[in-house]
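I opened this model to look up how its chains meet. My notes follow in the order I made them.

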Amino acid sequence: MNPPVSQTELTECDREPIHLLGGIQPHGALVAFSEPDLTLRVVSANIEAWLGRAPQALLGQPLAEFLHPTSLALLTRALSQHAPVGTLRIEAAGHAFVGLLHRSDGLAVLDLEPVTGDVGEEGALVMVDQILSPLTRAKGPRALLQEVAGAVRTLSGFDRVMVYLFDSDWHGEVVAESRDPAMDSFLGLHFPASDIPVQARALYVRNTLRLIADARARPVPLVPAVLPELGRPLDLSGAALRSVSPVHLEYLANMGVGASMSISLLREGALWGLIACHHRTPLKVPAAARRACDVLARLVSLQLASEERAATAAELARRAQFQTQLMERLSAGSSSLPVSLSREADSVLGLTGSTGAALLLGEAPILMGATPTLDEVKALGEWLARQSFEGTTFHTERLGQVYEPAQAYLDVASGLLAVRLDPSAPRFVIWFRPEVTRTVTWAGNPSKPVVQGPGTQRLHPRASFVAWQETVQGASLPWTSEDRTAAAGLRGALVGVLLRHAAALTRSNAELDAFGGTVAHDLKEPLRGIQQYVSFLLEDVGEAVGSEGRKQLEEVRWLAGRTQGQMEALFEYSRVGRVELSWGQADMQEILEDVLTIVSSRIHENQIEVRVPRRLPVLACDRVRIHQVWSNLLTNAAKYHQAGKPRWVEAGFITPEEPLSNPARRRADEYVFYVRDNGIGISERFHETIFEMFRRLHPAHAYGGGNGAGLAIARRLIQLHGGDLWVESAPGQGSTFYFTLGKGPG
Amino acid sequence: MMDELKRPVLLVEDSDPDAEALQRLVRKLSLSWPIMRVADGESALDYLFQRGAYVDAPRPMLVLLDLHLPGVGGREILATLKADAHLRSLPVIVFSNSKRVEDVDGAYELGANSYLFKPSRLEELEDVVSALHHFWFNVARLPGLGGLPLG
């Protein structure tokens, strides 16, 4: 594991040509020869120590010069096979070697290591047992890897064996360890992705086992150092004896490591973990033991892949179970959907393995588990409404990077996964995950001080953990495809439930309309009757009942008329919330003129001057409803006048570019229309209450006796458009009613 | 001609005060209409098709039709009349207290000849009845009367 340091050093690490170092480790020898003449082209400088002949004496010579004929036959047969790889027993110059054969740069390359004692039949059986027993004994992936660490340590004799897994594309963790008690534990430590440079990863995939037998040994150069045809050293990527990068050697030396070995864990051809071994002193692990370790790693990879598939299937089943359970309870419950959902917090969270969730279903958000505050979630919902979703889901592991306000609550919501329930409205289910550093248990020795010295800071596990922490700051564990599938699944189910609710609602709306219509009609009729009989009475016997009697009869008639008017207003108001707007381009000027014609009698009657300072624009709205709004506002303005003053009403607008006093403009980019009068004005404490249904500020008989529904209806119509209707006024100062039209349809 | 002039106006109205108000106004304004009132849709159809109790009923000059009726509704009566070859030409004036767009447009779509809003206040009702009288009996020509105004 190469350490992370500064960016410069990292870049240098990434560029270092570790396969072209042009040297080997001294515990063996290397020869490379051309085919088919089997003539030596490259030898390691230490060849004389093993074969008794100097490099220059060997170069250009055929292999037959020094190889035992049996070995030569073995080698020739291996070369004739399609992929000549594997271990060969080679005898040369009276010594027995383990030969590892591969091809590189057009040459056959043979690593030679001395045979260190024969394993024998008994020893081979012990090895097989050590390879197989972890697979049969362990229950679950972590336990299996722990067994593997133990088995590798036994097979190889290393002081410490760690199993290191890449948890995702950006970091790794030591998940199992077997060590001599004198060795430091690295178990549980996390490392940033930069710990293993890209080209090192590539080599880990190509050569699944790598031994550095003596971290302090000087590398042995090749002769010739540079291949004449290529102008560079022989590519030693495939050579087991390949020498080690000086940076890595420094790293090992600083850690007090005398020998190291790494075995790759591959899945479908990709590196997903490493078995890393350290020894305090040099350690020449016999080729047979190395091969046993390599086989064990392959078997474990297979075993884990199959266990993982089973685990994924089980996980999907578990989530499906959550969802089924959730849907059953939601369908069975008589409570509203949000209430039912909030009771099933465990299932909702379990579905995606989250620590918090929020339901934004149109009303106030419902929070479960660990979440940002209600206001923060509301703001987040507004932000989400503007994001583009992949299909129906949106996810990020680094919310703070895409949504700045989230930096205030990364502890609960570094990760966000959201599904959009309704394409036309901001309705979401949102899941949260905390910053990952908060979910990782420290398993090393955090209190151990960082050793200072040249190049040492980066070699220390503590420093490595710190570096890793920096790497994952503000990030949550990643959302897996299972998480996203489960989220999308819940969405599908919820939309089904919502549709059923909506269908029921539509039905009840239609029923309500019919009911309201019937009530309005059936109650209005008797009230009309009362008014008419009173009129008959007044006509027939008005003289006889005297002025007091006539006054009372008039009052009865007025009350009946008023009640009837209230009923109509209530009925209309109840319908306003459910009307479908019919959007289109409308000339506001035309609408206003039309309204003025209709209310002209009232305006003339009250001797009001009407001012329209400039032509109104054309823009999108529901012409009929906006007509109604202008009509309400102008009728109102005509009503509440101050005695003895010349009266006027002004209708106009303010463009988005023109200044407007705060808080009049609610949105920066829209037209604001207004109706202003010099009437009696409204005290500030009533600025909201006047918009309430049937809320009047004056005696019923005063100012022409409004029924208190006009402003409520006007505001609802404006809100249907997505706009706002509000008032600025003070007693004796007149009133200005403003309205905007929102974003338009869709 | 004189017989024709005695043909009644058929008032289809379930509300007693409304019917009485109209009759009072006819009297008050000295209008020369004989009014025949029926209070529900079933009776209106019987009258118009000369069935049951109304076998001998004279054909009316025009129909004043309330839309909201118990039983068979105003819309149904309108549709039935306008689908009948003999009755199609009979002018039907809807007389309703509804200002709803659906009601107004719906009545015209079904073939109503006119739609009048029925105000609650007698004074306003008087204006409407006068206008109705003036138009249908002085200005308009009614079918089957040889093109003469009735007034």
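I began with the rule for a salt bridge: a side-chain nitrogen of Lys or Arg within 4 Å of a carboxyl oxygen of Asp or Glu. I noted the background too: side chains of opposite charge can pair when their charged atoms come close. I kept in mind that this is a predicted model, where local features need pLDDT of at least 70, side-chain atom pairs count only at pLDDT 80 or more, and totals for chains, interfaces and linings use all residues. Residues are numbered from 1 along each chain as its sequence is written, chains are lettered from A and ligands numbered from 1 in the order in which they are written, and side-chain values use heavy atoms, with hydrogens and water left out.

**Entry: the interface**

I looked up the salt bridges between chain B and chain A, and the rule finds 4. Over all chains the count is 30. I then asked for polar contacts (a pair of N or O atoms within 3.5 Å; within protein, one must be able to donate a hydrogen and the other to accept it, and residues adjacent in sequence count only if both atoms are side-chain atoms). Between chain B and chain A, 5 residue pairs are in polar contact, both residues at pLDDT 80 or more.

I took helices (H or I, at least four residues) and strands (E, at least two) as DSSP runs, numbered from the N terminus.

Contact here means heavy atoms within 4.5 Å.

I also looked up the buried area, which is the accessible area (1.4 Å probe) that two parts lose on being put together, summed over both. Chain B and chain A bury about 1600 Å² between them, and carbon and sulfur atoms give 40% of that. R24(B), N97(B) and S120(B) supply 36% of the area that chain B buries against chain A, more than any other three residues.

**Entry: N97(B)**

I followed up on N97(B). I found N97(B) in the loop between β4 (92–96) and α5 (101–109) of chain B. Is N97(B) buried or exposed? I used these cut-offs: buried is under 20% relative accessible area, exposed is over 50%, and partly exposed is in between (1.4 Å probe, protein chains only). N97(B) is buried because its relative accessible area is 5%. Leaving out residues up to four places away in sequence, N97(B) touches H521(A), K524(A), E525(A), R528(A), F117(B) and K118(B).

**Entry: salt bridges**

I picked out one pair across the chains. E123(B) and R557(A) form a salt bridge, with the closest N and O atoms 3.6 Å apart. E123(B) lies in helix α6 (residues 122–139) of chain B and R557(A) in helix α16 of chain A, so the pair joins two chains. R557(A) has 5% relative accessibility, so R557(A) counts as buried. E123(B) has 41%, so E123(B) is partly exposed.

I then checked a pair inside chain B. R121(B) forms a salt bridge with E124(B), and their closest N and O atoms are 4.0 Å apart. I also found a network: salt bridges that share partners join R528(A), E13(B), D18(B), D66(B) and K118(B).

R53(A) is partly exposed at 27% relative accessible area, and E65(A) is partly exposed at 43%.

**Entry: chain A overall**

I counted the secondary structure of chain A at 20 helices and 25 strands. Buried residues make up 49% of its 746 residues. Among contacts in chain A between residues at least 6 apart in sequence, 66% join residues at least 24 apart.

D159(A) is buried because its relative accessible area is 9%. Its contacts beyond four places in sequence include R153(A), S178(A), H278(A) and R280(A).
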